[in-house]
Amino acid sequence: MTLSSVVFRNMSSEQPAAVAAGVAEPADVDAVALTDAKAMRALAHPLRMAILELFAFRETKTATQASEALGESPANCAFHLRTLAKYGFVREAGGGRGRERPWTLVNRRMTVTTEQPDPQAALAAGELSRLFLERWIDRARRLYAARDVVPGWAEASGWSGSHVFLTPDETVRLREQMSGILTRYEDRLADPALRPEGALPVEWTIFVARVPGLAEPTEPGSGPEDPTAGRSTDPEDADTDRRH
């Protein structure tokens with residue numbers, strides 16, 4: 001099963017009265033699960049994904065603002081915003097002047113899973129998850145390869161990888177705990193006045209995957225004769241950590 005969780009946190013606390021047919025509300029009102037194949041295929045477009053990301057740091061966006069940020073024409077951005085609205089991803093925020101329509105997100109958090117009753121929805125979810133994954137990895141690759149590091153951020157930014165033995169339930173709980181830590185700073189996205197001096201947008205992307213190939217299967221309770229055999233004495237070897 002492939003599961004992706006995409007979080008855009010700087011929405012207003014007001015919940016929409018209705019959600020489009022392509023989105024089904026789970027028990028958590030902060031999250032919606034994408035279930036409609038057409039809606040997922042509509043979102044699986046590079047520019048539409050980029051437009052949605054813009055709302056992560058600003059509550060509303062117009063087509064003109066999106067065009068300036070993405071280097072596209074206002075007309076093209078307006079078309080894609082209307083398409084996103086058609087499938088329930090954004091809605092008009094009101095308060096616009098003339099042709100300038102402010103748009104806002106309908107939901108803060110979306111989950112995409114290939115565990116779908118509809119085979120077409122499962123295929124669409126797999127493709128959309130792959131595109132989000134490739135987008136995150138490509139952005140990280142470009143940033144880590146960049147030479148123009150912002151002063152003060154050389155030690156702050158970077159990546160790390162860890163291997164631990166967990167059950168599926170423990171893995172879910174740990175992932176939720178890590179996401180919970182990030183929600184402590186959620187208000188800063190919607191309210192610039194809460195951001196400390198020097199604060200910049202920081203993307204946290206959590207990848208969770210089992211790696212059975214790293215350990216040979218053993219009988220319960222059995223293990224190597226020497227518990228330290230083949231094991232590094234350096235505790236830092238348990239993690240791979242690189243800072244940029």
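## About the model

This is a predicted model, in which local features need pLDDT of at least 70, side-chain atom pairs count only at pLDDT 80 or more, and totals for chains, interfaces and linings use all residues. Residues are numbered from 1 along each chain as its sequence is written, and side-chain values use heavy atoms, with hydrogens and water left out.

## H2 against H4

Helix H2 (residues 46–54) and helix H4 (residues 74–86) have axes that come within 10 Å and cross at roughly 80 degrees. H2 and H4 are therefore roughly perpendicular to each other (65 to 115 degrees).

On the H2 side, the contact (heavy atoms within 4.5 Å) uses Leu 47, Arg 48, Ile 51 and Leu 52. H4 brings Asn 76, Cys 77, Phe 79, His 80, Leu 81, Thr 83 and Leu 84.

## His 80

His 80 sits in helix H4. This residue is buried, with a relative accessible area of 5% (buried means under 20%, with a 1.4 Å probe and protein chains only). Leaving aside residues up to four places away in sequence, His 80 touches His 45, Leu 47, Arg 48 and Ile 51.

## H2 against H5

H2 also packs with helix H5 (residues 119–145), at an angle of about 65 degrees and with the axes 12 Å apart. That makes H2 roughly perpendicular to H5.

Here H2 contributes Pro 46, Met 49, Ala 50 and Glu 53 to the contact, while Leu 131, Phe 132, Arg 135, Trp 136 and Arg 139 come from H5.

How values were computed: Axes fitted to C-alpha atoms, helices over the stretch in contact; angles between N-to-C directions. Helix = DSSP H or I, 4+ residues; strand = E, 2+ residues; numbered from the N terminus. Parallel < 35°, antiparallel > 145°, perpendicular 65-115°, else oblique. Buried < 20%, exposed > 50% of the residue type's maximum accessible area, 1.4 Å probe, protein only.
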